[in-house]
Amino acid sequence: MDSVDVAIVGSGAGGGPLAMRLTEAGFRVAVLEKGPRYARSDFLQDELLSCDDFGLFVPSPTEEPHVIVRSDGTTELSSLGWIACCWGGGTCHMGAALYRFHPADFMMRSQFGDHYNIADWPYRYADLERYYAQAESVLGVSGATSGTPLEEFRSKPLPMPPLTAHPTAAVFEKVCSDLGSHAFPTPRGINSIPYDDRPACADCNWCSGYGCPTGARGSAQETVLLKAERTGRCRVMVGCMVREIIVDSRGLASGCIYFDSDRIERKLSAKAICISCSAVESARLLLLSHSRLFPDGLGNGSGQVGKNLQFLSTSSGCGRLMGKRNLQDLAAPINNLGRSVVDYYFLPQGVSSLAKGGLLQFDLVRPSPIATAQKIAGTGSGTPLWGDALKARLRNYFLDGREIGFEVFHDFIPSDGTYVDLDPHVCDKWGLPVARIHVSLVEHHFAAGKWLLDRGLEILNALGAEDLETLSHALIGRHLIHGTCRAGLNKTTSMLNQFCQSHEVRNLFVVDGSFMPTSAGVPTTLTIVANSLRTADYIVAEARAGNLE
Amino acid sequence: MRGLAERILPSDQSVGAEEAGLITYVDWVVRQPFFAHRVDQLIAGIEFLDSIANHLWQRPFRDCSSDEQDVAIRTLAELASPPCHRFLRCVINMTLAGFLCDPKYGGNLNKVGWTYIGFERRVVQICDRNG
């Protein structure tokens with residue numbers, strides 16, 4: 001039968017680094033990816049066809065929906081819970097803000113006490129530090145050499161200097177410093193100089209949310225997956241949708257059943273299986289893989305699969321910079337401002353029952369016409385603008401000044417109300433039950449989100465921005481998904497051990513964001529990559545010692 | 001749909017939906033698989049606009065004058081009805097996408113939309129590489 005050493009399901013930030021490390025160590029690996037493989041030239045500089053809504057990355061909610069159940073009882077079919085189905089996964093269109101976590105993010109419960117389902121991680125920042133450095137080197141991260149103020153220590157400087165910034169960045173730093181905070185260059189997985197045989201960023205109109213046409217972004221298919229392929233031991237299986245992980249009579253994973261690109265059902269056997277389909281779909285695959293030995297889903301004896309789903313909580317605001325005061329250089333043809341503030345990573349007393357804050361990430365808004373026009377028409381919610389009023393606003397907006405925006409990120413608090421299970425009625429185009437996502441936001445999201453938004457608006461105000469506006473408050477950040485296969489030391493309250501290995505099935509691993517007990521106050525992509533490299537080292541050692549058989 | 005798009009971005013002293021070839025874009029977009037889940041919503045909304053127009057002027061929306069069409073849209077917008085607002089948002093989003101998209105999809109004819117807002121596409125060098 002068709003067989004490999006390790007089958008990896010999903011080719012994104014979790015599966016990609018694992019494929020690289022395992023193939024470099026001599027293992028024969030297959031990477032199964034349900035979506036297509038795009039070339040750089042497929043990432044047209046075309047706002048319409050490159051954005052999520054138009055199906056390059058995310059399947060249509062009529063063909064492969066998720067059922068969303070909100071706490072008010074309403075349900076809808078949605079694409080929430082998909083990140084990107086293509087070779088490279090969500091790293092294809094990531095904004096690539098690649099921060100390390102703060103050491104406190106690894107020990108939330110020890111640090112803050114009981115708050116809903118927050119828990120300590122089964123390892124610490126020190127255990128991940130060298131993998132962070134490896135991740136920064138292999139993806140290529142640009143930023144201040146000293147990294148970010150979040151870090152306790154770092155063993156290596158970032159490999160590239162910061163991206164060229166708009167002249168307003170210097171004014172911005174001064175304004176923050178006057179307010180007592182410290183703006184620093186956002187660490188980006190985007191080349192500021194030629195690096196790893198890829199060009200420096202061309203600072204084009206479309207970035208986050210779009211594929212990179214030049215390869216300047218360190219997406220998985222440009223970096224780790226490419227290195228895996230170059231070993232000659234990585235089998236690329238795109239268009240292959242895995243429907244079940246199968247087990248042998250001893251209760252070990254023996255392979256998977258998948259539909260190939262011609263929709264024919266096939267079987268692949270493997271000595272170890274790594275699941276990395278992002279948190280919602282990884283949980284779904286485990287729940288779909290029930291058997292006599294695992295009646296509640298593979299590795300789900302603890303009942304933890306699907307529990308403690310976390311997105312990232314995001315809020316956002318913006319203002320208009322007009323070419324006066326200290327901003328004479330506003331028209332400079334540079335789109336990148338790229339400054340972050342983490343002075344509010346911990347909240348003062350009285351803001352929320354949990355004293356954990358987050359990140360403010362500022363940037364000039366890139367001139368992407370359709371998205372911007374839709375936003376200023378107010379089509380997000382309420383009654384939108386149309387007719388002459390819309391036309392006048394379009395023209396004023398685009399021809400006068402520049403927009404500066406910021407995004408707030410903070411922890412999405414794991415709770416019993418936010419989880420994934422299988423929908424009892426709705427099936428996808430393959431005839432498989434779809435994931436049902438229950439969402440309930442705890443008060444902290446609103447309190448912390450509001451307080452952090454106010455800090456951001458305060459900075460914009462001091463910068464002289466006009467028309468300050470809150471764009472969103474305590475929303476679900478749809479591109480960063482965690483939880484559902486919690487890692488921990490206690491087998492009854494977690495599904496995975498500290499190396500993302502199933503407590504019950506020793507040759508089964510989950511290596512995307514699913515393992516995270518808590519989701520931190522910064523984007524999580526770099527941590528998923530670093531954790532994947534750490535897991536890979538463990539798999540190599542255990543496989544060589546014969547412990548996975 | 002043509003009348004509706006032309007009310008959302010009217011052609012007066014400056015270019016609007018008509019000059020941008022909006023209807024060519026709409027023809028294309030409603031046939032795309034990614035749009036399939038919105039088609040019913042769109043049809044229902046247009047039927048509802050027709051019923052407003054029929055009620056007020058005894059003729060369908062498309063046969064109404066621009067001013068009458070504006071009144072019909074305003075009537076729909078002022079209803080405290082989430083489906084009506086969703087419909088209106090969907091149509092506005094679609095019109096703006098058609099006004100400002102890459103001209104190869106039929107809209108933004110001769111880049112009139114981009115010219116209107118002063119947008120210039122920054123073209124970058126693409127060099128594919130093989131594994």
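Student: Which strands form a hairpin with 4 residues between them?
Tutor: That's β3(A) and β4(A), and in the turn Gly73(A) has a positive phi of about 90°. Keep in mind that this is a predicted model.

Student: How many bridges hold β3 and β4 of chain A together, and in which sense do they pair?
Tutor: They pair in the antiparallel sense over 4 bridges, with β3 covering residues 66-70 and β4 residues 75-78 of chain A. As an example, Val69(A) has Thr75(A) in β4(A) as its bridge partner.

Student: Switching to β1 of chain A: what does it pair with in the parallel sense over 6 bridges?
Tutor: That's strand β9 of chain A, residues 265-275. Val4(A) stands opposite Ala270(A) there. β1(A) is also joined by 4 bridges to β2(A), residues 29-33, and those two run parallel. In that pairing Ala7(A) stands opposite Ala30(A).

Student: And which helix goes with β1(A) and β2(A) in a β-α-β unit?
Tutor: Helix α1 of chain A, residues 15-24, and the unit is right-handed.

Student: How many of the 7 residues of β1(A) are buried?
Tutor: 5 of them, so the strand, residues 3-9, is largely enclosed by the rest of the structure.

Student: Then let's look at α9(A). What's its span, and what would be expected?
Tutor: It has 12 residues, 388-399, and reaches 17 Å from its first C-alpha to its last, close to the 16 Å expected at 1.5 Å a residue.

Student: Which residues of α9(A) are buried?
Tutor: Leu390(A), Lys391(A), Leu394(A) and Phe398(A). They cover an arc of only 100° around the axis, which puts them on the same side of α9(A).

Student: Remind me why residues three or four places apart point the same way in an α-helix?
Tutor: Because there are 3.6 residues a turn.

Student: What's on the other side of α9(A)?
Tutor: Ala389(A) and Ala392(A) are there, and both are exposed.

Student: And what do the buried ones pack against?
Tutor: α8 (369-376) of chain A, together with α1 (2-8) and α6 (112-117) of chain B. One more thing on this helix: α9(A) is followed by Gly401(A), whose phi is positive, near 75°.

Student: Which residues other than glycine have a positive phi?
Tutor: Among them are Ala474(A), with phi near 50°, and Gln58(B), with phi near 55°.

Student: Where is Ala474(A), and is it buried or exposed?
Tutor: Ala474(A) lies in strand β16 of chain A, residues 466-482. Buried is the word, because it has 21 C-beta neighbours inside 10 Å and the cut-off is 20 or more.

Student: What about Gln58(B): buried or exposed?
Tutor: Gln58(B) is exposed, with 8 other C-beta atoms within 10 Å. You'll find Gln58(B) in the loop between α3 (36-57) and α4 (66-78) of chain B.

How values were computed
Residues numbered from 1 in each chain as written. Chains lettered and ligands numbered in written order. Predicted model: local features only at pLDDT ≥ 70, side-chain atom pairs only at ≥ 80, totals over all residues. Buried ≥ 20, exposed ≤ 12 C-beta atoms within 10 Å, placed from the backbone. Expected span 1.5 Å × (residues − 1). Arc of directions from axis to C-beta. Contact = placed C-beta atoms within 7 Å. Pairing = 2+ DSSP bridges. Right-handed = clockwise from strand over helix to strand, strands pointing away.
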